[in-house]
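This briefing is intended for a reader meeting the structure for the first time. Please keep the sequence and the model in view while reading.

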Amino acid sequence: MKTYDVIVVGAGIAGCCAAYFLHQKGLSVLVIDRSGVAATGGSSAAGAFVSPKIGKGSPLQHLTNEAFAFAKAFYTQQFPEHFSQTGVIRLPKDAEDAQKFVEYEVHNDAKRHWLSPEELEAFGIHGEHDAFLFEEAGVCDAPKMCAAILEGIEYEQYELSSLRYEEGCWMVGEYCGKKLLLATGYENRYFDMRYMGVKGTWGSRGDYTSTLPLPHSMHRQISISANINGIIKIGATHDKDTDICIKCDGKPLKHLFDEASTMVDTSDFQLKETYCGMRAGSKDYFPLVGEVIDAHHMLENYPKILKGAKPPLKKIENLYICNGLGGRGFVFAPMMGKMLADHIVEGKAIDPRVNPDRLFLKWCRKSPDLER
């Protein structure tokens, strides 16, 4: 039986980036996924936009824009063939939203400039209000980017049915890992991680053939990519529906297409392929990166934790997580992967903004599914 320093479960963009930085630090890494690289979940359906977050300077906005700067450099320097720096235009929804854009300006450091409705029209984009163009933003080819990131790293398509930890090693079928990293998105069948509050949100995308010479990608409730090699991507994250991801009534992605038609000329769009997958977000919308608390041990040994006690946290040995990246997986994943690799190899502290520990004590005090 071959032993690896780390086994990564999940070959979406989160798992791929974490594996990449661990491998760069000299660790032996095996990535496993039941379906394939970027084949299911959020990464499979992602339009893979890489752009800043606009707003009034919230902590989440600051973190997102730090991650954007890191991701932009990572993709352009390491994998430029799979990252199209098309720029991304953020369009206001209405007059009220347009006024907010003016207020947002002072809180956005990313390189950008205003576009008037007339300038938008020159690009083939319909808009009634001034918009932001983030010139350095762009879009990844999701499956090709994930595959390129994993080049040189061992990968196996494998259905993980059980886990056990013995003699300092995680036994994953016929494989053995000194450390185990879960990047499984919204699915968790292996440990009690309810305190992280991971929830799935369906994302849908359609790839359309078109001759429309669209130079920039854009976002206004939904996202539309630039025309890249004759393909324009239309996608969005939707309601938290647990049954189906496309409610189409025989017309795939009709709601997305209708919205896109108010933004650009879709008269020659021909649907080539549809995608959908569940994107995983945390309770507070920040990523989840770091170690996993042994919730069972804590609840059993410290019952007063339900009433506000703050005992030392016991972690599950050599178990890590990289999850909860939400609809901005291709923005967050490189920085989160680097942060986790620095923690595992060099012992660097995880940024408290993304450390899952932040959620545990509050969950113990307030969760309705715990007996008190």
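The points below concern a predicted model and are grouped by topic.

**Helix α1 and the residue after it**

- Helix α1 covers residues 13–24, and its 12 residues should span 16 Å at 1.5 Å a residue. Its end C-alpha atoms are 16 Å apart, which agrees with that expectation.
- Most of α1 is covered, since 10 of its 12 residues are buried.
- The buried residues of this helix are I13, A14, G15, C16, C17, A18, A19, Y20, F21 and L22.
- Just after α1, G26 adopts a positive phi of about 95 degrees.

**Positive phi at residues other than glycine**

- Q221 is not a glycine, yet its phi is positive, at about 70 degrees. Q221 belongs to the loop between β14 (217–220) and β15 (222–224).
- N318 is likewise not a glycine and has a positive phi of about 60 degrees. N318 is placed in strand β19, which comprises residues 315–323.

**Strand β13 and residue S204**

- S204 is located in strand β13, residues 199–209.
- S204 has a relative accessible area of 0%, and because buried means under 20%, S204 counts as buried.
- S204 and F191 are 13 residues apart along the chain, and their C-alpha atoms are separated by 29 Å.

**Positive surface patch**

- A patch of positive charge on the surface brings together K199, K283, K310, K362, R365 and K366.
- Helix α10, residues 360–366, supplies the largest share of the positive patch, namely three residues.
- K366 is situated in helix α10.
- K366 has a relative accessibility of 59%, so it counts as exposed, the cut-off for that class being over 50%.

Methods: Residues are numbered from 1 along each chain as its sequence is written. This is a predicted model: local features need pLDDT of at least 70, side-chain atom pairs count only at pLDDT 80 or more; totals for chains, interfaces and linings use all residues. Side-chain values use heavy atoms; hydrogens and water are left out. Helices (H or I, at least four residues) and strands (E, at least two) are DSSP runs, numbered from the N terminus. The expected span of a helix is 1.5 Å times one less than its number of residues. Buried means under 20% relative accessible area, exposed over 50%, partly exposed in between (1.4 Å probe, protein chains only). Patches are made of residues with over 30% relative accessible area and no salt bridge: like charges are joined within 9 Å, nonpolar side chains (Val, Leu, Ile, Met, Phe, Trp, Tyr) within 5 Å. Accessible areas come from the Shrake-Rupley method with a 1.4 Å probe; for residues, only the protein chains shown count as cover. A salt bridge is a side-chain nitrogen of Lys or Arg within 4 Å of a carboxyl oxygen of Asp or Glu. Lys and Arg count as positive and Asp and Glu as negative; His and the chain ends are not counted. The place of a charge is taken as NZ of Lys, CZ of Arg, CG of Asp or CD of Glu.
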